Amino acid sequence: MHPPCAGSIYHTCVQLLIRFFLGGLLVLVFSLIGDVLRPKGFAGLFGAAPSIALSTLALTVAEKGNAYAALEARSMMLGAIAFLCYSIVCCLLMAKRHLRAPVTTLGLLPLWGACAFTLLALVR
Amino acid sequence: MVIRFDPQSLKQSAWHEYLTRFVLGGAVSVIAGLIAEHYGPAIGGLFLAFPAIFPASATLIEKHQRERKQRAGIEHSIRGRLAAALDARGTALGTMALAAFALVAWQLLPHYNAAWILIGALLLWLVLSVALWRLRKLLAHH
């Protein structure tokens with residue numbers, strides 16, 4: 001196996017930087033929109049905005065083409081269903097058990113992962 | 001219930017809270033790209049629906065609500081947690097529209113111009129999210 005040349009390392013670093021800035025910017029923009037909207041239940045819709053999806057799919061299309069990006073989008077549907085389960089459990093724990101938001105939302109992230117990978121295993 | 005803009009709420013957040021969201025969003029995007037590179041699009045694609053915005057938003061809503069209550073002299077209140085729960089309920093509705101975004105991208109990307117598909121899917125997400133929120137409100141009133 002040949003070691004990667006300086007040119008390919010540079011190209012990969014530039015790609016990762018673009019990914020970082022585009023992803024960060026879109027997450028920030030959708031968060032700000034959610035912050036200024038009222039009522040809170042409506043603003044919550046923006047917690048599930050396709051920020052990461054937009055940046056990643058756009059860059060994937062540019063790098064690897066539409067067909068490859070479509071495969072990512074297919075799995076994204078399963079990730080979204082896992083996100084639905086995760087947000088419902090978060091809502092119930094904060095509303096009924098009065099658990100704190102950082103503990104609940106960060107502590108339950110493994111639930112999102114478990115749901116997403118289980119769904120992927122089921123459809124494969 | 002009327003949907004409105006409240007630009008004053010931006011003043012409640014410190015600059016480092018915005019920076020945290022930017023870094024978190026950027027990091028998730030990079031991780032999603034690296035996972036797709038190493039493990040393929042099926043596993044990498046899952047992370048396109050990773051909860052990147054919601055945990056920070058819910059935490060900030062609870063924090064700001066708690067601070068407001070403390071300024072009013074109320075030390076212990078569950079209002080912050082209930083406000084975060086409301087945010088989570090909205091997010092749950094948004095995830096259904098997020099699944100629709102993914103369905104459109106999956107079905108149409110191989111056949112049409114990607115820019116138009118992504119713009120169309122984003123508009124669909126927005127319209128469907130608002131429609132689901134309105135439907136939920138209507139059902140709650142009956």
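## Helix H1 of chain A

H1(A) runs for 31 residues and covers 45 Å from its first C-alpha to its last, close to the 45 Å expected at 1.5 Å a residue; that expected span is 1.5 Å times one less than the number of residues. Helices here are DSSP runs (H or I, at least four residues), as are strands (E, at least two), and both are numbered from the N terminus. This is a predicted model, in which local features need pLDDT of at least 70 and side-chain atom pairs count only at pLDDT 80 or more, while totals for chains, interfaces and linings use all residues. Residues are numbered from 1 along each chain as its sequence is written, and chains are lettered from A and ligands numbered from 1 in the order in which they are written.

The buried residues of H1(A) include Phe20(A), Leu26(A), Phe30(A) and Asp35(A). A residue is buried if 20 or more other C-beta atoms, placed from the backbone, lie within 10 Å of its own, exposed if 12 or fewer, and partly exposed in between. The buried set packs against E1, H2 and H3 of chain A, and also against helix H1 (15–39) and helix H3 (54–71) of chain B.

## A look at Leu59(A)

Leu59(A) sits in helix H3 of chain A. With 18 C-beta neighbours inside 10 Å, Leu59(A) counts as partly exposed. Leaving aside neighbours within four places in sequence, Leu59(A) is in contact (C-beta atoms, placed from the backbone, within 7 Å) with Ile18(A), Arg19(A) and Leu22(A).

Gln15(A) lies 44 residues from Leu59(A) in sequence, with 8.6 Å between their C-alpha atoms.

## Where the chains meet

Contacts link 74 residues of chain A with 74 residues of chain B. On the chain A side, H4(A) gives the most, with 25 residues. By class, that side has 51 nonpolar, 16 polar and 7 charged residues; Ala, Val, Leu, Ile, Met, Phe, Trp, Tyr, Cys and Pro count as nonpolar, Asp, Glu, Lys and Arg as charged, and the others, Gly among them, as polar.

Strands take part too: E1(A) and strand E1 (residues 4–5) of chain B pair in the antiparallel sense over 2 bridges, where pairing takes at least two DSSP bridges. Leu37(A) has Phe5(B) as its bridge partner in E1(B).

## Chain B as a whole

Chain B holds 5 helices and 1 strand, in the order β-α-α-α-α-α from the N terminus. Its radius of gyration is 18 Å, well over the 14 Å that the globule rule gives for 142 residues, so chain B is more spread out than a compact globule. That radius is taken over C-alpha atoms, and the rule is 2.2 Å times the number of residues to the power 0.38. Buried residues make up 43% of chain B.

Technical notes:
Contact = placed C-beta atoms within 7 Å.
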